[in-house]
Amino acid sequence: MTRVFSGVQPTGDIHIGNYLGAMKHFVDLQDAHECFFCVVDLHALTIPQDPDVLRRKTIEVAGIYLAIGLNPTKTTLFVQSHVPAHSELSWLLECITYFGELSRMTQFKDKSAGKENVSVGLFTYPDLMAADILLYDTNYVPVGADQKQHLELTRDIAQRFNNRFGETFVVPEPLISEVGARIMSLSDPEKKMSKSAEDEVGRINLLDTPEIVKKKIMRAVTDSENSIYYDPDKKPGLSNLLTLMSVQTGRSIEEIAADYDGKGYGLLKKDLAEVTVNTLKEIQDKYYGLSQDEIKRVLSDGAARAETIATKTLQKVQQKMGLRY
Ligand code: AMP
Ligand code: TRP
């Protein structure tokens, strides 16, 4: 059976961009593949975190995994730091990754720009991500568009390792959807919707109340024209609303644009708010019905399953690199 792996950081608030760009696809993949979905708490440490908040957010992301419909009897759900092989393989991969390669990562450049004290972990972050993926002989990695470059690096590292030490790693393919892989901020539609942006009104959190969702969508920044058509360069705000509508309803962007053209932005926003409230309601109903103990049990079972596979891969890699005798 083919393997799927992906991860979400337990930082900030999980928003509808995370869901529609990546997490929703996790659910669609779980029947046809052997899936591993991880809460990547070690990645969160690359920027300063409050320890208690990090612990709480780790459980929250795991709860959201369950609430969106991931089934822990089919799919392995676990926390990255519970499986030590992730950190260990990360070091080994750092030793075959070039400084220049990591320096070219746009996420590193964006996150470090203008900062005085940037952690080394933020720089080597892509190696930890490569370790996550390569430990499980992963075939497919569903992610949003912002992770494409990290996936390309993962492929390069896997191929380099295989060339140097003999066939070891499966070279993974990214799965990036055509629509919805880059949901933009509602308040600044030139920028992607982000967990960490201070501007709360720019993102719809999966746990936002219906009133807040409606308010945020009704206030979404658009342009001063009236006609409705998709053009992310000229009409980024409106195009983002059309995308949000399309991925939630399964209807094509063109069809939606034709439907609302001439009827004004207000009606589109009102209907989008309703659709979004319904999407979130289903998730929230499940989320608030989960107990902490239940979530922790799932994570503990998941870590045990993940560890068996990860340790085997790690030992193989250590052997090939000359570490075991
Ligand atoms: P992160 O919050 O960085 O852990 O991201 C979790 C997943 O959501 C990753 O696959 C990201 O690529 C994806 N993602 C993050 N932001 C967006 C966005 N604005 N639109 C679509 N996907 C996103
Ligand atoms: N770097 C990813 C993000 O910020 C999260 C992540 C960590 C990940 N490890 C992964 C995604 C492995 C896919 C596969 O979104």
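**Close-up views of a predicted model**

**View 1. The loop that holds Gly166.** Gly166 sits in the loop between α8 (148–165) and β5 (173–175), where helices (H or I, at least four residues) and strands (E, at least two) are DSSP runs numbered from the N terminus. This is a predicted model, in which local features need pLDDT of at least 70, side-chain atom pairs count only at pLDDT 80 or more, and totals for chains, interfaces and linings use all residues. Residues are numbered from 1 along each chain as its sequence is written, chains are lettered from A and ligands numbered from 1 in the order in which they are written, and side-chain values use heavy atoms, with hydrogens and water left out. Gly166 counts as partly exposed because its relative accessibility is 27%; buried means under 20% relative accessible area, exposed over 50%, and partly exposed in between, with a 1.4 Å probe and protein chains only.

**View 2. Contacts of Gly166.** Leaving aside residues up to four places away in sequence, Gly166 touches Phe161 and Lys320, contact meaning heavy atoms within 4.5 Å. Gly166 and Lys320 are 154 residues apart in sequence, yet their C-alpha atoms are 7.9 Å apart in space.

**View 3. The shell around ligand 2.** Ligand 2 is surrounded by 13 residues, the closest being Gln9, Tyr125, Met129, Asp132 and Gln147, where a residue is near a molecule if one of its heavy atoms lies within 4 Å of it. β1 (3–8) and α7 (120–134) each supply at least two residues of this shell, and the largest share, 4 residues, comes from α7. By class, the shell has 7 nonpolar, 5 polar and 1 charged residues, with Ala, Val, Leu, Ile, Met, Phe, Trp, Tyr, Cys and Pro counted as nonpolar, Asp, Glu, Lys and Arg as charged, and the others, Gly among them, as polar.

**View 4. Polar contacts of ligand 2.** In the side chain of Asp132, an N or O atom is 2.7 Å from a nitrogen atom of ligand 2, a polar contact here being a pair of N or O atoms within 3.5 Å. A polar side-chain atom of Gln147 lies 3.1 Å from a nitrogen atom of ligand 2, while for Gln9 the polar side-chain atom lies 3.1 Å from an oxygen atom of the ligand. Taken alone, ligand 2 exposes 360 Å², of which the protein buries 90%; accessible areas come from the Shrake-Rupley method with a 1.4 Å probe.

Key. Polar contact = N/O pair within 3.5 Å; in protein donor to acceptor, adjacent residues only side chain to side chain.
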